[in-house]
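This report goes through selected features of the model shown below.

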Amino acid sequence: MPHLDVRALSKTFTMHLLGGTTLTAFADVSFTVPRGRFLAIVGRSGSGKSSLLRCLYRRYLPSTGAIRYATAGGTVDLLSAPDREVLRLRRSEIGYVSQFLQAIPRVPSRDIVAAPLLRAGAEPAQARAAADEMLERLGMSAALRGTFPATMSGGERQRVNVARALCAAPRLLLLDEPTSALDPETRRLALAAILALKRDGATAVGIFHDREAVEALADDVLVLEDGAVSWHGPVADYATTALEA
Amino acid sequence: MSAMLSVERLTRRYGPGCDRCLASTGPAHGTNSCPHCGTVVACADVSFDVEDGEVLGIVGESGSGKSTVAACLAFDQPPTSGQAFLEGFDGDMLSADAAARRRLRNTRIGIVYQTPQQGLALDVTTGGNVGERLLAADWRHVGRIRARASDLLERTEIPIARIDEEPRAFSGGMRQRVQLAKALASRPSLLILDEPTTGLDVSVQARILDLIQGIQREAGVAMVVISHDLGVIRLLTERTLVMKLGRVVEEGLTDQVLEDPQDAYTQLLVNSAL
Ligand SMILES: Nc1ncnc2c1ncn2[C@@H]1O[C@H](COP(=O)(O)OP(=O)(O)OP(=O)(O)O)[C@@H](O)[C@H]1O
Ligand SMILES: [Mg+2]
Ligand SMILES: [Zn+2]
């Protein structure tokens, strides 16, 4: 049984302020991700990648279809699951890294990273230590770990963002260009941390704009074009397909 | 986990009422006032539940009925119909007898009102304001009352030196903090915060929000936060109800409601905030 089984998923926005105009972000998208595999979603800007990922996290409400997700306790449809069930899964097993950190005011980065662990019931001292370790792995200096993200650079903030999601060791990781704001050295560190999670058995769906990340992380690739799947296959075939094109 | 508070079809009308009030008001009719009898339907059929440790947000335009929901839950207003169940209390608390309601209000429910005048006796000392809640909750020992009041004021960052001053002399932010100290006095299971930061300047808001987040991390309390400020809702809550003209028009995960609002009114609200 796949870890994630997305069937005929569509998302159409109805914009009431514009007289009810509709805009379809993507339509009839189906794919499965076996447990422990990484799926990279690639495609031009505006092709529906982020909307698709947000639907998987239920930040957007999908319009039709199904998102069957296998949890330890059985399969749930993330499209129709009650809000509390989704919150519980977000806390316990689904992590999401947005393109940018939505800074939480007045909280030092170390505590932002530790928060999901604390919520899951970890001891405060242990959670902070784990947060410190993850930030260190992403190359963040000890001094910065105690400061507020509000004053940090884009790349520093993004490390906090990535660390927060990785630290909780999610079983399903949803990544929206997590490394795009990072310099090459930090990007390498972030990819290594994500790979470590993969080695521990995590499944992931990620949007990456750089080929290096796709090749380093993905097992499979799905190409979105104008909201539809135009190609889906193993990363090795994707490389040759792309070369031919 | 079962709900700490469960509210079912709460309705509050102001006016004589007729059998067409509900069918003639609400978002579809563009008014909360019944065209047949002039009754104001302040809130109708409002249902939700909140678990221990959860914070539920309620947003909506002015006059949409948010404070009325709070007032009914704090027994300040009798509902016209509907029920509410508080964990550990047998049956509908809204239809309990006066003594039982007073007891619940004094021991299990804390509220910070939209206007400090509603929540504070402005001409009674700060210590007296907090102590009054403790007395109501059956605290009898004067020394212990004073010690607990000091703890609460310390926690809400009111300088202890000002315990004998009247809140009349306090700034808006300090008054809200005294209200919070008062609301927390009896260690409530349900804490209702009606616009806790509205009208305060940003740095004062920040400290109150930090304080609320600190309370949230402690076990044993379910919170309802009413706010116009979507930033406050995003920061404090994980689930949100959107009200308009007395009705709930949308509810969902807070991030979903704010980033992918479904209802026309919610879309307007979110777009106006940007
Ligand atoms: N005592 C009352 N008598 C008559 N009408 C009332 C009374 N109290 C409230 N209302 C009406 O009920 C409706 C809901 O008011 P309420 O105070 O609950 O709104 P609110 O959502 O809290 O608004 P705000 O955001 O401005 O605080 C309004 O139309 C109001 O005028
Ligand atoms: Mg109000
Ligand atoms: Zn009527």
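R9(B) is exposed, since its relative accessible area is 53%, over the 50% that the class requires. The residue lies in strand β1 of chain B, and its phi is near 50 degrees, a positive value in a residue other than glycine. The model is a predicted one.

A positive phi near 50 degrees also occurs at R187(B), again a residue other than glycine. R187(B) sits in the loop between α6 (172-184) and β6 (190-194) of chain B. With a relative accessible area of 59%, R187(B) counts as exposed.

C18(B) and C37(B) are 19 residues apart, and both are in the loop between β1 (3-14) and β2 (40-51) of chain B.

For four tetrahedral donors the ideal angle is 109.5 degrees. C18(B) is partly exposed at 23% relative accessibility, and C37(B) is partly exposed at 22%.

## Interface of chains A and B

The interface brings 22 residues of chain A into contact with 23 residues of chain B. The buried area is about 1900 Å², and carbon and sulfur atoms give 47% of it. On the chain A side, L17(A), R84(A) and R106(A) supply 32% of the area buried against chain B, more than any other three residues.

Between the two chains there are eight salt bridges, and 12 residue pairs are in polar contact. β1 (4-15) and α2 (83-92) of chain A each supply at least two residues of the side that touches chain B. The largest share of that side, six residues, comes from α2(A).

One salt bridge pairs K11(A) with D260(B), with the closest N and O atoms 2.6 Å apart. Another pairs D255(B) with R90(A), where the closest N and O atoms are 3.0 Å apart. This pair joins two chains, because D255(B) lies in helix α9 (residues 254-259) of chain B and R90(A) in helix α2 of chain A. Both D255(B) and R90(A) are buried.

A network of salt bridges links R84(A), D49(B), E51(B), E54(B) and R239(B). R84(A) is also one of the three residues named above for their share of the area that chain A buries.

## Salt bridges within chain A

Over all chains the count of salt bridges is 29. Among them is the one between the side chains of D5(A) and R7(A), at 2.7 Å from N to O. D5(A) is buried, with a relative accessible area of 10%, whereas R7(A) is partly exposed at 39%.

E215(A) and R211(A) form a salt bridge at 3.1 Å, N to O. Both lie in helix α8 (residues 211-217) of chain A, four residues apart, about one turn of the helix. An α-helix has 3.6 residues a turn, so residues three or four places apart point the same way. E215(A) is partly exposed, with a relative accessible area of 47%, and R211(A) is partly exposed at 38%.

## Helix α3 of chain A

In helix α3 (residues 109-119) of chain A, the buried residues are S109(A), I112(A), V113(A), A114(A) and L117(A). Their cover includes α4 (124-137), α5 (142-145) and α6 (154-167) of chain A. Just after α3(A), G121(A) has a positive phi of about 105 degrees.

Key: Residues are numbered from 1 along each chain as its sequence is written. Chains are lettered from A and ligands numbered from 1 in the order in which they are written. This is a predicted model: local features need pLDDT of at least 70, side-chain atom pairs count only at pLDDT 80 or more; totals for chains, interfaces and linings use all residues. Side-chain values use heavy atoms; hydrogens and water are left out. Buried means under 20% relative accessible area, exposed over 50%, partly exposed in between (1.4 Å probe, protein chains only). Contact means heavy atoms within 4.5 Å. Buried area is the accessible area (1.4 Å probe) that two parts lose on being put together, summed over both. A salt bridge is a side-chain nitrogen of Lys or Arg within 4 Å of a carboxyl oxygen of Asp or Glu. A polar contact is a pair of N or O atoms within 3.5 Å; within protein, one must be able to donate a hydrogen and the other to accept it, and residues adjacent in sequence count only if both atoms are side-chain atoms.
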